[in-house]
Amino acid sequence: MFWAFMYWYFFGGGAGAIDASANAGPTIPKKRIGGKMDYNYTELAKKVRELKDDNEDESQVNIGAERNIDYETIVKVMDTTREDDKGELFPNVVLLGGVM
């Protein structure tokens, strides 16, 4: 099982987040879109591709989010982790319940 714990890459920790110290990996800052701050799905896609290239045989990704993350954002993250323009990434998406 592959643990690309998308919370740390994309949602970037935050108040009440798990302390994963050196294993947390990089975070992806939000970007301004139409005068509003939003998640940077383009950068997320790049990072997920790097993870896939380093873990070619893996097909599962586990995604966890805090309660304040809306459904639309979770679906976009799921879609981003499944495939990109180069092909399949992690088609088996697991939503982690009760982690945050």
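Helices (H or I, at least four residues) and strands (E, at least two) are DSSP runs, numbered from the N terminus. The model is predicted: local features need pLDDT of at least 70, side-chain atom pairs count only at pLDDT 80 or more, and totals for chains, interfaces and linings use all residues. Residues are numbered from 1 along each chain as its sequence is written, and side-chain values use heavy atoms, with hydrogens and water left out.

**Exercise 1.** Place Leu44 in the fold and in the largest nonpolar core.

*Solution.* 
Step 1. The protein has three helices and six strands, in the order α-β-β-α-β-α-β-β-β. Leu44 sits in helix α2.
Step 2. Because its relative accessible area is 0%, Leu44 is buried.
Step 3. A nonpolar core is a set of buried Ala, Val, Leu, Ile, Met, Phe, Trp, Tyr and Cys residues joined through side-chain atoms within 4.5 Å. The largest has 14 residues, of which Tyr41, Leu44, Val48, Ile63, Val77 and Phe90 touch the most other members. At least two core residues come from each of α2 (41-54), β3 (60-63) and α3; α2 gives the largest share, four residues.
Step 4. Leu44 and Thr80, 36 residues apart in sequence, have a C-alpha to C-alpha distance of 7.4 Å.

**Exercise 2.** Describe the lining of the largest pocket.

*Solution.* 
Step 1. On a 1 Å grid over the protein atoms alone, a pocket is an open set of points where a 1.4 Å probe fits, with protein on both sides within 12 Å along at least five of seven lines; lining residues have an atom within 4 Å of a point.
Step 2. The lining consists of Lys30, Lys36, Met37, Asp38, Tyr39, Tyr41, Asn68, Ile69, Asp70, Glu72, Thr73 and Lys76. Elements giving two or more of these residues are β2 (36-38) and α3 (71-82).

Conventions
Buried means under 20% relative accessible area, exposed over 50%, partly exposed in between (1.4 Å probe, protein chains only).
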